[in-house]
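Biologist: I would like to learn how to read a model like this one. Please take me through the strands and then the side chains.

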Amino acid sequence: GTLNFTFNAATYTQQQGSLVLHNGIVSAKSVSIGVTGAAATSASLSGVGTIQGNVVVYASISAGFSPGIINAQGDYTLTPSSSSKFEIASESSYDQVRVTGKATLAGTLTVPFAYVPSSSGASFPIITSGSSSGFFASVTATWPGVSNSNNVNATYTQTSTNVVYTSSSSSTTTSSSVTTTTATTASSSRSTSAASSLIVSGFASLTPVIFCLV
């Protein structure tokens, strides 16, 4: 099903709680996850589906249901307060965000691995876009029952952001910084009404929700 916010160039804001996509579609001029200046907000975007409009993430995003894909049909902006999580299940199965417009990157990235890649240099394009700028401030990998260190970095091209695995013989799993590219972060005012969880399914099943359109 599709949840449409199309009148008066509407903006949807998930200030608190979760926006969960179950193969559904949210259509609005802009979709905001969290609000500017509220770094401690508990708002989140997760699941599998499509957002028709620009996406701005102030809080957290976790694509997929181990794993899965969120399609953003517009620009995609991660602010410095945002946190992103992309799970890697295998070399051919991992979370992704596919952006038709420009991806502006910032904030932190966490990458839970369900396995250890067989070869150093394995690369996973977690975000694809028409163009991109910015970078993640930090990248942290987690591993299932692995005691040796396995380093993960993010690399960037004009159209993709990639998680790259590099094996290591150290004794501790590390958080590694990423390459330095100039970041451009967009900020804009958002609504102030709190929202509870909203689930958008293929058959448009919704939990109780309070939202604000501007």
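Biologist: Which residue stands opposite Ser123 in β18?

Modeller: Two strands pair if DSSP finds at least two bridges between them. Here Ser123 stands opposite Val164, and five bridges join β14 to strand β18 (residues 160-167), the two running antiparallel. Strands are DSSP runs of E, at least two residues long, and helices are runs of H or I with at least four, numbered from the N terminus. This is a predicted model, in which local features need pLDDT of at least 70 and side-chain atom pairs count only at pLDDT 80 or more, while totals for chains, interfaces and linings use all residues. Residues are numbered from 1 along each chain as its sequence is written, and side-chain values use heavy atoms, with hydrogens and water left out.

Biologist: In which sense do strand β11 and β14 pair, parallel or antiparallel?

Modeller: Strand β11 (residues 96-99) pairs with β14 in the parallel sense, over two bridges. Arg98 is opposite Thr128 in β14. There is also β13, joined in parallel by three bridges to strand β8 (residues 83-85) and by five bridges to β16, again parallel. Lys85 has Thr110 in β13 as its bridge partner, and Thr108 has Ser138 in β16.

Biologist: How many helices and strands does the protein chain have?

Modeller: The count is zero helices and 21 strands. Of the contacts with a separation of 6 or more, 67% are between residues 24 or more positions apart; contact means heavy atoms within 4.5 Å.

Biologist: How is a pair of aromatic rings described?

Modeller: By the distance of the centres and the angle of the planes. Rings of Phe, Tyr and Trp (its six-membered ring) pair if their centres lie within 6.5 Å; planes under 30 degrees apart count as stacked, over 60 as edge-to-face and the rest as tilted. The structure holds four aromatic pairs. One of them, Phe113 with Trp143, is stacked, at 4.3 Å centre to centre and 20° between the planes. This pair links distant parts of the chain, 30 residues apart: Phe113 is in the loop between β13 (108-112) and β14 (123-128), and Trp143 is in the loop between β16 (138-142) and β17 (150-156). Both residues also belong to one aromatic cluster, together with Tyr94, Phe124 and Tyr165.

Biologist: Why does Phe113 count as buried?

Modeller: Buried means under 20% relative accessible area, exposed over 50% and partly exposed in between (1.4 Å probe, protein chains only). Phe113 counts as buried because its relative accessibility is 5%. Trp143 is buried too, with a relative accessible area of 11%. Buried residues make up 48% of the 214 residues in the protein chain.
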